[in-house]
Amino acid sequence: MKQKKSNLDEMQEQKLLKIEHNGCWIAFWGLLAVILAQVVLTPDELREHLPRIMTGEWIVFMVLSLYLGFACMKNGIWDRKLKPNAKTNLLASLLAGGAVAVFQVLYSYFRFHRLVVALGVAGVSALITVILCFLTLTVTARVTKKQQEKLEEEPKDSAEEQ
Amino acid sequence: MRNLKMKFRRIELEMSQTELARRAGVTRQTIGMIEAGEFNPSIKLCVAICRALECTLNDIFWEEKDNEAEKE
């Protein structure tokens with residue numbers, strides 16, 4: 001089937017890609033903000049229905065995250081600046097753990113008004129986040145590296161021609 | 001549109017895609033995709049490739065109008 005001719009020139013095509021790129025990240029961070037707002041702002045009497053209330057946002061957020069993750073891994077892409085190694089993975093996991101700890105301390109303290117409980121919950125949540133993030137990053141970094149090696153292999157016809 | 005001129009020039013210099021990619025500062029995949037006509041490089045990358053292949057932009061990337069129309 002013949003492809004329909006684009007109405008855009010090269011510059012407009014790049015602008016559109018940039019707009020779509022920004023839109024994707026607005027959707028990503030917006031969904032995360034909405035999920036967190038629902039967790040914080042849902043009144044106590046509706047709290048038992050919270051999983052059902054945020055199902056839609058959670059599904060879209062997970063689909064978006066999984067698509068971004070798998071598409072990058074398939075193409076052997078990790079990050080513009082960071083290398084997929086243990087040091088950066090640990091640093092990223094600690095940052096994620098720190099963010100979760102801050103959120104949990106504030107959330108638990110304003111909900112239960114007990115600092116020790118808030119610190120305890122935050123500590124456990126942060127530890128679990130660090131471990132899970134580090135494991136996920138280690139596995140995905142390994143898969144990405146393997147894919148990079150596979151994509152960088154010289155194709156047979158190119159080697160034979162020499 | 002496949003870039004056979006680039007591929008032939010590379011083979012003429014007995015250079016692998018990996019080696020050309022290293023000299024142009026890109027990945028091997030990018031060189032493979034340019035040769036296969038699946039990726040249009042920027043003028044900056046075209047210049048880097050031409051420098052690595054010791055030739056001019058005309059030698060590798062210029063297409064005569066008739067040729068271009070035929071291939072399309």
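**Exercise 1.** Divide the lining of the largest pocket into nonpolar, polar and charged residues, and then trace which elements of chain A supply that lining.

*Solution.* By class, 31 of the lining residues are nonpolar, 11 are polar and four are charged; here Ala, Val, Leu, Ile, Met, Phe, Trp, Tyr, Cys and Pro count as nonpolar, Asp, Glu, Lys and Arg as charged, and the others, Gly among them, as polar. The model is a predicted one, in which local features need pLDDT of at least 70 and side-chain atom pairs count only at pLDDT 80 or more, whereas totals for chains, interfaces and linings use all residues. Residues are numbered from 1 along each chain as its sequence is written, chains are lettered from A and ligands numbered from 1 in the order in which they are written, and side-chain values use heavy atoms, with hydrogens and water left out.

A pocket is found on a 1 Å grid over the protein atoms alone, as an open set of points where a 1.4 Å probe fits, with protein on both sides within 12 Å along at least five of seven lines; lining residues have an atom within 4 Å of a point. The largest pocket holds about 2,500 Å³ of space, a volume being the space filled by probe spheres set on the grid points, which are joined across faces, edges and corners. Its lining consists of 46 residues, and those closest to the centre are A:Trp25, A:Phe28, A:Phe61, A:Ser65 and A:Leu137.

Two or more lining residues come from each of α1 (10-41), α3 (55-74), α4 (86-112) and α5 (115-152) of chain A, where helices are DSSP runs (H or I, at least four residues) numbered from the N terminus. The largest share, 12 residues, is that of α3(A). Domain 1 (10-74) and domain 2 (79-162) of chain A each contribute at least three residues to this lining, the domain bounds being taken from an automatic or database domain assignment.

**Exercise 2.** Describe the second largest pocket by its volume, its central residues and the classes of its lining.

*Solution.* The volume is about 1,500 Å³. Of the 33 lining residues, A:Glu10, B:Met1, B:Phe39, B:Asn40 and B:Pro41 lie nearest the centre. At least two residues each are supplied by α1 of chain A and by α1 (4-12), α3 (28-35), α4 (43-52), α5 (57-61) and α6 (65-71) of chain B, with α1(A) giving the most, four residues. Sorted by class, this lining has 13 nonpolar, eight polar and 12 charged residues.

**Exercise 3.** How do A:Trp25 and A:Phe28 pair, and where do they sit in the helix?

*Solution.* Over all chains there are five aromatic pairs; rings of Phe, Tyr and Trp (its six-membered ring) pair if their centres lie within 6.5 Å, and planes under 30 degrees apart count as stacked, over 60 as edge-to-face and the rest as tilted. The pair of A:Trp25 and A:Phe28 is edge-to-face, with 5.2 Å centre to centre and 70° between the planes. Because these residues are three apart in helix α1 of chain A, they are separated by about one helical turn. A:Trp25 is partly exposed at 36% relative accessibility, whereas A:Phe28 is buried at 14%; buried means under 20% relative accessible area, exposed over 50% and partly exposed in between, with a 1.4 Å probe and protein chains only. Ring pairs also join A:Trp25, A:Phe28, A:Trp29 and A:Phe61 into a cluster.

**Exercise 4.** Which residues of α4(B) are buried, and which are exposed?

*Solution.* B:Leu45, B:Cys46, B:Ile49, B:Cys50 and B:Ala52 are buried in α4(B). They cover an arc of only 160° around the axis, and therefore lie on the same side of α4(B); the arc is that of the directions from the helix axis to the C-beta atoms. B:Ile43, B:Lys44 and B:Arg51 are exposed on the other side of α4(B).

**Exercise 5.** Where do B:Glu14 and B:Glu54 lie, and what is the phi of B:Glu14 and of B:Glu54?

*Solution.* B:Glu14 is placed in the loop between α1 and α2 (17-24) of chain B, and its phi is near 55°, a positive value in a residue other than glycine. B:Glu54 is in the loop between α4 and α5 of chain B, with a phi near 50°, also positive in a residue other than glycine. For comparison, most residues other than glycine have a negative phi. B:Glu14 is exposed, with a relative accessible area of 64%, and B:Glu54 is exposed at 56% relative accessibility.
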